[in-house]
Amino acid sequence: MNTPRTLLSRPWIWGFVAALLVWAVIMAVSGQGGGQTVSLALSLAPYLVIVGLGQMLVVTAGPGNIDVSVGPVISLAGFVSVGTSSATGSVVLGILAGLATGLGVAAVSSVAILGLSVPPIIATLASGLVASSATLVIADGFTALPDPGLRHLLNLRPLGVPVLAIVVAALTVLAVLLLRGTTYGRSLTAIGQNTRAAERAGLPVVRITALTYLASGALAGLAGSLLATYIAPTPDLGTRYLLDSIAVVVIGGTLISGGRAVPAGVWGGALFFILLDGLVNLVGWSTAAQNLLKGCLVLFVLFLAGGGSRRPGAAPARPTRRPSTTAALPTPTTTGGTTHG
């Protein structure tokens, strides 16, 4: 039964609480109804949620795993998708081209991380720089226009709820089912909790990690394809989505140390950020003041959610106790397993 105390202990709740508070402040400042504000937030948040879901999977893979190439991928995929759609007259081919762009950049990162043992942040930074260079080359003299049919669909809001928000909500449900009900999801969580124990248990760590980065790249490519149609393809289209995608994941309750993913929380974090942008623009604050407010509010939300993230921190210790209870193991092996935990 969800009592107020148990509800507040949920790791995803604080992002929604923060979004609700910011929404209330916007209504108080503007003196208008909040329905239009919510509708606008639901129009912009899905793009951040798509990227955030991919970033969430990467962060869940454990300490050190982060994808800093998502911003450049969004920008590059936007140009590739719009250009392909304009050249072929097919929206589907355009979106597939954007997805392929994200997969290609992620494949380079995966080879560097898993094949060359390059730290993830360095590998994804390098692949992101390559993507940024390619974006600048394509952007020079780019004249293709987004497909008007897809743009109309992205702006469609039956009953004030954007169609894309409904689709991305369904995607979020699929992410929950993937993490809870599939071998991949359970393996990813186990790897994030304790990679060495997962290897000893026979889990395909390399394959799961590669699939995770490929999923992040594909989702960033999808977001870029849709965002470039909704707004317009520009070289800096994905710039703000790098840090924002990490922030919404952490605010949403996913452990930055890995081992726990909270897809629903990504929505709370995304709505919080979109509404916060609307608030600071409404009051006309300077960029420096906006960044200061954002930083303080993010830290405050993380502080409130801190109690929920500390309790599960003891969970990774459980798998490391199991080797010590296995019979017929030599004493040095048992001690090593305990020390690792």
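**Close-up views of the predicted model**

**Figure 1. The largest nonpolar core.** Of the 65 residues in the largest nonpolar core, those that touch the most other members are Tyr47, Leu226, Trp267 and Phe272. With 12 residues, helix 3 (residues 35-60) gives the most to this core. A second, separate core has 5 residues, including Val58, Ile113, Ala123 and Tyr213. A nonpolar core is a set of buried Ala, Val, Leu, Ile, Met, Phe, Trp, Tyr and Cys residues joined through side-chain atoms within 4.5 Å. Buried means under 20% relative accessible area, exposed means over 50%, and partly exposed lies in between (1.4 Å probe, protein chains only). Helices (H or I, at least four residues) and strands (E, at least two) are DSSP runs, numbered from the N terminus.

The model is predicted: local features need pLDDT of at least 70, side-chain atom pairs count only at pLDDT 80 or more, and totals for chains, interfaces and linings use all residues. Residues are numbered from 1 along each chain as its sequence is written, and side-chain values use heavy atoms, with hydrogens and water left out.

**Figure 2. Surroundings of Leu226.** Apart from neighbours within four places in sequence, Leu226 is in contact (heavy atoms within 4.5 Å) with Tyr47, Ile50, Ile95, Leu154 and Leu164. In the protein, 77% of the contacts between residues at least 6 apart in sequence join residues at least 24 apart. Of the protein's 341 residues, 45% count as buried. The protein has 16 helices and 0 strands.

**Figure 3. The salt bridges of Arg240.** The structure holds 2 salt bridges; a salt bridge is a side-chain nitrogen of Lys or Arg within 4 Å of a carboxyl oxygen of Asp or Glu. In one of them, the side chains of Arg240 and Asp244 meet at 2.8 Å, N to O. Asp244 counts as buried because its relative accessibility is 9%, whereas Arg240, at 37%, is partly exposed. Asp277 also forms a salt bridge with Arg240, with the closest N and O atoms 2.8 Å apart. Asp277 lies in helix 13 and Arg240 in the loop between helix 11 (205-230) and helix 12 (241-251), so this pair ties together parts that are 37 residues apart in sequence. Asp277 has 12% relative accessibility and therefore counts as buried. Through shared partners, the salt bridges join Arg240, Asp244 and Asp277 into one network.

Figure 4. Helix 13 runs over residues 263-283 and has 21 residues. The expected span of a helix is 1.5 Å times one less than its number of residues. Helix 13 is mostly covered, with 16 of its 21 residues buried. Just after helix 13, Gly284 takes a positive phi of about 70 degrees.

**Figure 5. A nonpolar patch on the surface.** Val25, Val29, Leu282, Val283 and Trp285 form a nonpolar patch on the surface, and together they have about 400 Å² of accessible area. Helix 2 (13-30) and helix 13 are the elements that give two or more residues to the nonpolar patch. Val25 is in helix 2 and, at 37% relative accessibility, counts as partly exposed. Patches are made of residues with over 30% relative accessible area and no salt bridge; like charges are joined within 9 Å, and nonpolar side chains (Val, Leu, Ile, Met, Phe, Trp, Tyr) within 5 Å. The accessible surface of the protein comes to about 16200 Å², of which 69% belongs to carbon and sulfur atoms. Accessible areas come from the Shrake-Rupley method with a 1.4 Å probe; for residues, only the protein chains shown count as cover.

**Figure 6. Ser117 in a loop.** Ser117 lies in the loop between helix 5 (91-115) and helix 6 (120-139). Ser117 is not a glycine, yet has a positive phi of about 60 degrees. Most residues other than glycine have a negative phi. With a relative accessible area of 62%, Ser117 is exposed.

Figure 7. Ile191 is found in helix 9 (residues 183-193) and counts as buried at 2% relative accessibility. Leaving aside neighbours within four places in sequence, Ile191 is in contact with Ala61, Ala198, Val205 and Ile208. The C-alpha atoms of Ile191 and Ile208 are separated by 8.7 Å, and the two residues are 17 apart along the chain. Arg207 lies in helix 11 and, at 55% relative accessibility, counts as exposed. Between the C-alpha atoms of Arg207 and Ser110, 97 residues apart along the chain, the separation is 9.9 Å.
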